[in-house]
Amino acid sequence: MKTWVRRLRGAVGMGLTWAAGWAPIGAIIGVIVGSAVGLGPGALVTRWVGTLATLGFVGGGLFSSVLWVTERRRRFDELSIPRFTAWGAVGGLALGGLAVAIGLLGPGLSAIDIVIVGATTLLGAGSAAGTLALARGSARPALPAAEAATDVGLTEDEKRALLGSAPRA
């Protein structure tokens, strides 16, 4: 039971991280699209921020689940960034396609739907690569073997001084 709680916590954490990364991209897209259709630069910002933050949360959670199923026997240092990026791109493409299929931004296929699919594909790939890079960067170095830790080259006097007894004269 504890492993399921840990996995769920990891999926939610990855979803929140991806949502936080995708929301500013949504703001930029909202400004560009709002300006392009003549609504003003800020008219669609809130809608795009909410849309991409939601997609980022769902995408991060799904990516975490897919990663657990496909790569569960590997550690982060054993995974390649291109493979991780490909999984993220496939997940982003599927997520964008699903968003368009359910009509997230309205009925019918439009140019904005193509932007959603392209953005989720690129953001999924970039987020996956960033996730692996962060995970590798935060990995703790392994402790040295017990034999290496005991043989650090101290003299007998230094060993006694470290242990709190006075050196022999």
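Me: A pocket is an open set of points on a 1 Å grid over the protein atoms alone, where a 1.4 Å probe fits, with protein on both sides within 12 Å along at least five of seven lines; lining residues have an atom within 4 Å of a point. Which residues lie nearest the centre of the largest pocket?
Reply: This is a predicted model, in which local features need pLDDT of at least 70 and side-chain atom pairs pLDDT 80 or more, while totals for linings use all residues. Residues are numbered from 1 along each chain, and side-chain values use heavy atoms, without hydrogens and water. The lining of the largest pocket counts 21 residues, and nearest its centre are R6, R7, S64, L67 and W68.

Me: Which element gives the most to the lining of the largest pocket?
Reply: Helices are DSSP runs (H or I, at least four residues). Two or more lining residues come from each of α1, α2 (45-71) and α4. With nine residues, the top contributor is α1.

Me: How many charged residues does the lining of the largest pocket have?
Reply: Asp, Glu, Lys and Arg count as charged. Besides nine nonpolar and five polar residues, the charged ones in this lining number seven.

Me: Which residues of the second largest pocket are closest to its centre?
Reply: In the second largest pocket, ten lining residues are nonpolar, five are polar and none is charged. The lining has 15 residues, and closest to the centre are G59, L62, F63, G91 and G92.

Me: Which element supplies the largest share of the lining of the second largest pocket?
Reply: The elements that give two or more residues here are α1, α2 and α3 (81-101). The largest share is eight residues, from α3.
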